[in-house]
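Subject: Structure handover

Hello,

Here is the structure I promised to pass on. Please have it open while you read the notes.

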Amino acid sequence: MMHLRIGGVAEWFVEPFDEQGVAATVRACAERGLALRILGGGSNVVVADAGVPGVVMHLGNLNRLQREGQRVTVGAGVTMAGLLRSTRSAGLAGLEKLTGIPAEVGGAVAMNAGTRDGETFEHIVSLTVVERGGGLRILGKEDFQPRYRNGGLGDAVVVQATFELSEDSPDAIFARFSASLQKRNTSQPVSLRSVGCVFQNPEGDAAGRLIQEAGCKTLRRNGVQVSERHANYFVNDNSGTAADFLALMDDVRDRVADAFGVELRPEVKFWGFDDR
Ligand SMILES: Cc1cc2nc3c(=O)[nH]c(=O)nc-3n(C[C@H](O)[C@H](O)[C@H](O)COP(=O)(O)OP(=O)(O)OC[C@H]3O[C@@H](n4cnc5c(N)ncnc54)[C@H](O)[C@@H]3O)c2cc1C
């Protein structure tokens, strides 16, 4: 997969031209009993070495961006970096706290991506989704129950999202954007291959702190290693496999459980594994 560079290929890979194509793919998979997975930027997915059975659909062609006052409506395939660039230069503030999250809009919504400063759903007004029956619907924010790193979409595929932002000067927005980016660049291994945080933060604590204090920093399984810079990131030196990644996860989870009695839960998604 794109960020981690681990895992095999999809049995079928589909990239529809538009929302109707997304709906048709959803219907076709349901009719044929094929598993369907939606790929955003691939920055939070670990793919099995043997690949993924069924259909993987990427929404990169849904890349329109429209502004109306303080509202921005954007296709699921637009990158968060692209959305941030546009809103920044239009003097629309709010998304700076998401600077540096390597997501597409659909993936950021599905995961309710965020930082300690805030989350994606804070700015969502409505979402256009394709439901698993293949119907297209516009739903308001109140139709979802977003939680920590979970947009609560169920089976729905996001094709478009409308964000409501506030006005500010592009310079002030840029200053906050740069500060966020700088903080990220000094605390995370951003230039190495990873999927970001491997485990969710337990309530009131940080998974990275627990992993570090359980003595797991720089622990390694072949080509995959607990990052020196941030212990909740596992980095691939380009020779790692999905099996290495999973073995390292299990080892870290066991050591944290032994040291602190805390059961870490994965933040990453697993594709193509029978038992995850
Ligand atoms: C260096 C690095 C730093 C990171 N920092 C952060 C951070 O600060 N905060 C944070 O929250 N995350 C962070 N992450 C993790 C990751 O970027 C987020 O989880 C992000 O939201 C994933 O977006 P994506 O587009 O890459 O989605 P993917 O990884 O492709 O998919 C993630 C999940 O979303 C689903 N999905 C994707 N698109 C859609 C859609 N259109 N409709 C329905 N479901 C969909 C997928 O099926 C999958 O279940 C980081 C990752 C890396 C590599």
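This is a predicted model: local features need pLDDT of at least 70, side-chain atom pairs count only at pLDDT 80 or more; totals for chains, interfaces and linings use all residues.

Residues are numbered from 1 along each chain as its sequence is written, and side-chain values use heavy atoms, with hydrogens and water left out.

Domains

The domain assignment of the protein chain gives domain 1 (65-186) and domain 2 (191-271). These bounds come from an automatic or database domain assignment. The C-alpha centres of the two domains are 27 Å apart. Contact (heavy atoms within 4.5 Å) involves 7 residues of domain 1 and 8 residues of domain 2. About 560 Å² is buried between domain 1 and domain 2, with 41% of that from carbon and sulfur atoms. Buried area here is the accessible area (1.4 Å probe) that two parts lose on being put together, summed over both. On the domain 1 side, Met111, Arg116 and Tyr148 lose the most area to domain 2, together 65% of what that side buries. The count of salt bridges between domain 1 and domain 2 is 0. A salt bridge is a side-chain nitrogen of Lys or Arg within 4 Å of a carboxyl oxygen of Asp or Glu.

Helix H1

Helices (H or I, at least four residues) and strands (E, at least two) are DSSP runs, numbered from the N terminus. Expected helix span is 1.5 Å times one less than the number of residues. H1 has 14 residues and should span 20 Å; its end C-alpha atoms are 20 Å apart, which agrees. Its buried residues are Glu19, Val22, Ala23, Thr25, Val26 and Cys29. They cover an arc of only 160° around the axis, which puts them on the same side of H1. The arc is that of the directions from the helix axis to the C-beta atoms. For accessibility, buried means under 20% relative accessible area, exposed over 50%, and partly exposed in between (1.4 Å probe, protein chains only). Exposed Gln20, Glu31 and Arg32 sit on the face of H1 turned away from its buried side. The cover over the buried residues of H1 includes strand S1 (10-14), strand S2 (36-39) and strand S10 (124-130). Just after H1, glycine 33 takes a positive phi of about 65°.

Helix H4

H4 (residues 170-187) has 18 residues and should span 26 Å; its end C-alpha atoms are 26 Å apart, which agrees. Ile173, Phe177, Ser180 and Arg184 are buried in H4. They cover an arc of only 65° around the axis, which puts them on the same side of H4. An α-helix has 3.6 residues a turn, so residues three or four places apart point the same way. The face of H4 turned away from its buried side carries exposed Asp171, Gln182, Lys183 and Thr186. Helix H2 (80-89), strand S7 (92-93) and strand S8 (114-115) are among the elements that cover the buried residues of H4.

Salt bridges

How many salt bridges does a search of the whole structure find? The search finds 14. One of them joins glutamate 19 and arginine 64, with the closest N and O atoms 3.4 Å apart. Glutamate 19 lies in H1 and arginine 64 in the loop between strand S4 (52-58) and strand S5 (65-68), so the pair ties together parts that are 45 residues apart in sequence. Glutamate 19 is buried at 12% relative accessibility, whereas arginine 64 is exposed at 56%.

Aspartate 251 forms a salt bridge with arginine 221, the closest N and O atoms being 3.2 Å apart. That pair links distant parts of the chain: arginine 221 is in strand S14 (residues 220-221) and aspartate 251 in helix H6 (residues 242-260), 30 residues apart. Aspartate 251 also meets arginine 255 in a salt bridge (2.9 Å, N to O). Arginine 255 and aspartate 251 are 4 residues apart in H6, so about one helical turn separates them. Aspartate 251 is buried at 14% relative accessibility; arginine 221 is partly exposed at 30%, and arginine 255 is partly exposed at 35%.

Threonine 79

Threonine 79 is in the loop between strand S6 (71-75) and H2. Its relative accessible area is 36%, which counts as partly exposed. Threonine 79 touches Ala103 and Glu104, not counting residues up to four places away in sequence. Its C-alpha atom is 8.5 Å from that of asparagine 63, 16 residues apart along the chain.

Best wishes
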